[in-house]
Amino acid sequence: MRRVLVVTAAQAVVTTALLVALAVATLLLWPDDPLTTLTGTPEADVDGTPVTPVVVLVLVLAVLVASAVALAIAAWVAARRADRVGHLLTTLGERAERLGPGDPRPVPLRSGIEEVDRLDAALARGAQQGAKRLASERDFAADASHQLRTPLTALLMRLEEIASTDDLAVVEEEATIAIGQVERLSRVVDELMSRTRSGVDANPVVSLDSVLASLQREWQPAFAGVRRSIHVSGERGLGVRATPVALAQILTTLLENSLLHGSGTVEIAARRAGPSVVIEVADSGEGVPAAIAPHIFERSVSSSGSGLGLSLARDLAEAAGGRLELVRARPPLFALFLSASAM
């Protein structure tokens, strides 16, 4: 903006100087006496003295006329510049107002005015950051909904089981499992709140056996209700780097998908592979269609509601420093890779 003002002032000064110089040069280079030509007065009075006051008057008038013209031109140039700057500021104001509804990719102004271009770039960065935050909040809401829905559904099944039996032993067993599910649900909420505060997950060492045993107790009744079962095999005593909630959520997503879309016994096998622990989950179902398999972990993919869960499971695995892969589409085989750690 300072440069624009300096340039405008310089143009006004240069224009004025040029016009004044032009007027003076015209008077000096006039072929005849300019005083006689323009005023019709004699060159000298009766005693031969030049009519100096008249010459000075003509020069002063020429300079004044040139200055007036120069100022008019400078005012016109300044008005044009002011209109342009005003239009740019109005455009910036309109863009700022559109940040609320969301305008993540505005076209750069490229005004040539350094201050305006910097302000425009700052608005563009703010718009992009706002769009990212909005997308992150939407993803978080979807993730939270999915993470809370699964344990609530399992808890509801336990409560229905308790309500439908008079056997105190069954009631006690189901109530114990339900209490464990409520505690896990509380940990899920705590982890979600921690994620919103810091965005960074700590990955302690967790016993894989304890997480698998808890999930097997939790999900076995649901699979038994459709005459299916969960079979856990492989190495014992393995420790992995992940939060218990994240590991349970990843495996819960795979179990839920198998319950909804698979068939036969769900086979969960754990083994060590170099510095990693591999947890494989498979069943005897038809598997993942070939058209969906390459995109199964994308949020935009929805296969009877499973797309979001797998996307979230993959994100949780990556947050733990691991990865989740679809090793085989038909019959389905998922593999979770996590860093191994001594217990």
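Me: Which residue stands opposite Ala269 in S4?

Reply: Ser233 stands opposite Ala269. This is a predicted model, where local features need pLDDT of at least 70, side-chain atom pairs count only at pLDDT 80 or more, and totals for chains, interfaces and linings use all residues. Residues are numbered from 1 along each chain as its sequence is written, and side-chain values use heavy atoms, with hydrogens and water left out.

Me: In what sense do S2 and S4 pair, parallel or antiparallel?

Reply: Start with the terms. Strands (E, at least two residues) and helices (H or I, at least four) are DSSP runs, numbered from the N terminus. Two strands pair if DSSP finds at least two bridges between them. Here S2 (residues 230-234) and S4 (residues 266-273) pair in the parallel sense, over 5 bridges. S4 also pairs with S5 (residues 276-282), in the antiparallel sense, over 7 bridges. Ala270 has Ile279 of S5 as its bridge partner. The hairpin of S4 and S5 has 2 residues between the strands, and Gly274 there takes a positive phi near 65°.

Me: Where does the kink in H6 lie?

Reply: The bend at a residue is the angle between axes fitted to the seven residues ending there and the seven starting there. In H6, a kink of about 40° lies at Trp219, shortly before Pro221. Just after H6, Arg227 takes a positive phi of about 60°.

Me: Which residues of H6 are buried?

Reply: Buried means under 20% relative accessible area, with a 1.4 Å probe and protein chains only. An α-helix has 3.6 residues a turn, so residues three or four places apart point the same way. The buried residues of H6 include Leu208, Val211, Leu212, Leu215 and Trp219.

Me: Which residues have the most contacts inside the largest nonpolar core?

Reply: A nonpolar core is a set of buried Ala, Val, Leu, Ile, Met, Phe, Trp, Tyr and Cys residues joined through side-chain atoms within 4.5 Å. The largest has 40 residues; Leu247, Leu251, Ile268, Ile279 and Leu336 have the most contacts inside it. H6 gives the most to this core, with 7 residues.

Me: What is Leu251 in contact with, leaving aside neighbours within four places in sequence?

Reply: Contact means heavy atoms within 4.5 Å. With those neighbours within four places set aside, Leu251 touches Val211, Leu212, Leu215, Ile279, Val281 and Leu336.

Conventions. Buried means under 20% relative accessible area, exposed over 50%, partly exposed in between (1.4 Å probe, protein chains only).
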